[in-house]
Amino acid sequence: MREVAAEAGVSLRLVQYYFDTKEQLLLAALAYLAEQLTERVSASIRALGPVTSRTVVYGTLTAVLPTDEESVRLTRAYTGFYTLVFSSEAEMATRHGATYPDKLESLLATHITAAQEAGEVAADVDPALTAAALLALTNGLGSSVLGGQRDGAAALRILNDQLGRLFHAGESPTPAPVRAPTHRHDRHEQK
């Protein structure tokens, strides 16, 4: 808590006034990050046009990828939070570690089910399993961007490919692939 106070340029007492414990401080930071991510996801969904189950799935997952300065900052902050929680506080990790990802998976599964009912997704797709796989893919792609394996545009191409396969059964067109600013080329494309 001393480090947080020093970084914020405030007294330790002020931090302790608002947060009795390290856990409260971490959870408040996570809630703040969740608000920022929710705003980003909402903007991404709106940018795709009318709100449908398909645009919710596309907009949510593409907003999570670190493809620009803001999303890289959010991804790094979330990664730092989870690293801290999982490495130092096993009990806290058990209580809070999967809260946001579980909500996100549930949201995706709900919209995949709705798209399935609308005939946009094949009937034999398991919505919960597919939601978990898509979120895991998105998180893995995010790590590959932060680690320098590929850039945001390459990660978006991979995600758009998988989403296009999921929604291929539908009558309505797939939203146009979301493009990220390209700052460097995917190493695999340079070969």
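This is a predicted model: local features need pLDDT of at least 70, side-chain atom pairs count only at pLDDT 80 or more; totals for chains, interfaces and linings use all residues.
I take helices (H or I, at least four residues) and strands (E, at least two) as DSSP runs, numbered from the N terminus. Residues are numbered from 1 along each chain as its sequence is written, and side-chain values use heavy atoms, with hydrogens and water left out.

**Loop between α1 and α2**

I looked up V10 and found this residue in the loop between α1 (2-8) and α2 (12-18). V10 counts as partly exposed because its relative accessibility is 31%, on a scale where buried means under 20% relative accessible area, exposed over 50% and partly exposed in between (1.4 Å probe, protein chains only). S11 lies in the loop between α1 and α2 as well, and at 40% relative accessibility S11 also counts as partly exposed.

**Aromatic pairs**

I searched the whole structure and noted two aromatic pairs, where rings of Phe, Tyr and Trp (its six-membered ring) pair if their centres lie within 6.5 Å, with planes under 30 degrees apart counted as stacked, over 60 as edge-to-face and the rest as tilted. Y17 and Y18 make an edge-to-face pair, 5.0 Å centre to centre with 90° between the planes, and both Y17 and Y18 are exposed. The rings of Y58 and F167 have centres 5.7 Å apart and planes at 35°, so I record this pair as tilted. Y58 sits in helix α4 (residues 53-64) and F167 in the loop between α9 (152-166) and α10 (187-190), so the pair ties together parts 109 residues apart in sequence. Both Y58 and F167 are buried.
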